[in-house]
Amino acid sequence: MAVRTPLTVITGPLGSGKTTLLRHILDTFPKKIAILMNEFGEIAIDTKIIQGKNVQMADLGGGCVCCSLLGEFEAAVNEIIDNVDPDYIVVETTGVAEPDALVFDIQESLHRVRLDGVITVIDADAMIKYPSVGHTARIQIEAADTIVLNKVDLVSEMELQTIAEKLNSINETAAIVHTVRGEVDPELLFGISREKVQPPPQHVHQPEFESFSYSSSAIFNRQCFEEFADSLEPEVYRAKGFVRFLEGVYLFNFVAGRWELDLFSQEVTELVFIGKNIRMIKSEIINRLKLCEHNFVYTNNIESTTPKHREN
């Protein structure tokens with residue numbers, strides 16, 4: 001009998017740190033890893049973040065891997081095994097994915113792989129800010145073999161205990177690993193050899209979020225953009241992408257009012273905005289972005305990667 005390639009699913013809510021964890025794995029885990037990424041939005045931001053590393057990738061853009069792309073997903077897995085023969089396959093789902101259908105399909109239909117484990121990444125800070133666990137996040141937590149509780153530096157010890165109790169009430173068996181910026185020993189994430197069998201999903205996936213994207217070749221005013229990020233409408237839960245300033249291009253990450261900029265190698269500005277009913281305010285957001293393209297005045301700001309907060 002042929003050896004089945006171990007496959008790990010990384011899931012979790014929007015902005016929890018899935019791609020950051022994946023970058024850390026690629027930097028520290030000395031195995032041949034093939035990655036399949038499924039993104040929510042017209043521009044594959046996370047794929048571009050990972051590109052350039054010594055890794056084989058297939059991008060499942062344009063839909064949710066948990067429902068409409070299962071056929072494409074199976075074909076991509078087979079192609080990767082045939083062409084790459086990796087030690088591990090890692091699937092990163094979009095933050096709006098309900099992974100139960102994907103896990104069921106892997107266990108039932110993909111005979112060339114074995115599901116090694118489901119890793120769910122949770123944002124500790126967001127768990128405190130938004131204590132009500134939504135339908136999709138609950139399914140992501142329930143599916144986990146290991147929960148990577150990320151951004152623990154942003155909450156107190158008492159808050160961590162509260163989060164742990166809530167996670168345990170949803171999933172009693174998953175191990176909980178605390179991390180900052182996804183820095184965890186990869187040995188804790190692989191070799192799980194999942195034994196739990198996923199029953200067929202009993203629901204129809206109904207995405208709670210919508211998105212739109214914005215691209216520009218212009219140079220942005222740094223101060224103007226920071227003011228824009230500080231005042232993003234509350235309908236925007238997640239924003240990510242690349243912004244070109246005079247001093248270079250930066251990776252922009254925004255989650256629930258907290259944002260940061262990190263120097264990154266990219267050519268033009270590409271941004272994705274995700275939230276509930278945000279298409280109603282799309283033109284307003286784009287108009288404010290365009291203001292940062294005009295009347296550019298250079299200010300020699302010192303760059304910072306420290307997360308910033310919107311004042312209530």
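# Close-up views of a predicted model

**View 1. A buried pair of charged residues, Asp123 and Lys151.** Asp123 and Lys151 are both buried in this model, which is predicted rather than determined by experiment. Their side chains meet in a salt bridge, with 2.9 Å between N and O. The two partners belong to distant parts of the chain, since Asp123 sits in strand β5 (residues 113-123) while Lys151, 28 residues apart from it, sits in the loop between β6 and α7. Side chains of opposite charge can pair when their charged atoms come close. Is Lys151 buried or exposed? With a relative accessibility of 19%, Lys151 falls under the 20% limit and therefore counts as buried.

**View 2. Two residues with positive phi, Lys151 and Asn277.** This view returns to Lys151, which has a phi near 60°, a positive value in a residue that is not glycine. The loop that holds Lys151 runs between β6 (146-150) and α7 (157-170). Asn277 likewise has a positive phi, of about 60°, although it is not a glycine, and Asn277 is found in the loop between β12 (269-275) and α9 (282-291).

**View 3. The salt bridge between Arg194 and Asp145.** In the salt bridge formed by Arg194 and Asp145, the closest N and O atoms are 2.8 Å apart. The pair links distant parts of the chain, with Arg194 in the loop between β7 (175-178) and β8 (210-216), and Asp145 in the loop between α6 (135-142) and β6, 49 residues apart. Arg194 counts as buried because its relative accessibility is 10%, and Asp145 counts as buried because its relative accessibility is 16%.

View 4. Glu260 and Arg181 form a salt bridge in which the closest N and O atoms are 2.8 Å apart. Glu260 lies in strand β11 (residues 258-263) and Arg181 lies in the loop between β7 and β8, so this pair ties together parts that are 79 residues apart in sequence. How do the relative accessibilities of the partners read? Glu260, at 14%, counts as buried, whereas Arg181, at 39%, counts as partly exposed. The structure holds 10 salt bridges.

**View 5. Helix α8 and its buried residues.** In helix α8 (residues 222-230), the buried residues are Arg222, Phe225, Glu226, Phe228 and Ala229. Why do they lie on the same side of α8? They cover an arc of only 155° around the axis, which puts them on the same side of the helix. At the start of α8, a side-chain oxygen of Asn221 reaches to within 2.9 Å of the backbone nitrogen of Gln223.

**View 6. The surroundings of Thr269.** Thr269 is found in strand β12, and this residue is buried, with a relative accessible area of 0%. What does Thr269 touch, if its neighbours within four places in sequence are left aside? Its contacts are with Tyr214, Ser215, Ser216, Ala218, Phe220, Phe242, Val243 and Arg244. For Arg244, the backbone nitrogen lies 2.9 Å from a polar atom of the Thr269 side chain.

**View 7. The whole chain and the confidence of the prediction.** The chain has 9 helices and 13 strands, and 54% of its 312 residues are buried. The chain exposes about 14,400 Å², of which carbon and sulfur atoms supply 49%. The mean pLDDT of the chain is 81, and 80% of its residues reach 70 or more. Over residues 59-70, however, the pLDDT is below 50, and this stretch has 38 contacts in the model beyond near neighbours in sequence. The pLDDT also stays under 50 over residues 297-312, for which the model has 33 contacts beyond four places in sequence. Where pLDDT is low, the predicted coordinates should not be read in detail.

Key: Residues numbered from 1 in each chain as written. Heavy atoms only, no water. Helix = DSSP H or I, 4+ residues; strand = E, 2+ residues; numbered from the N terminus. Buried < 20%, exposed > 50% of the residue type's maximum accessible area, 1.4 Å probe, protein only. Areas by Shrake-Rupley, 256 points an atom, 1.4 Å probe, with all protein chains shown as cover. Salt bridge = Lys/Arg side-chain N within 4 Å of Asp/Glu carboxyl O. pLDDT = per-residue confidence, 0-100. Contact = heavy atoms within 4.5 Å. Arc of directions from axis to C-beta. Polar contact = N/O pair within 3.5 Å; in protein donor to acceptor, adjacent residues only side chain to side chain.
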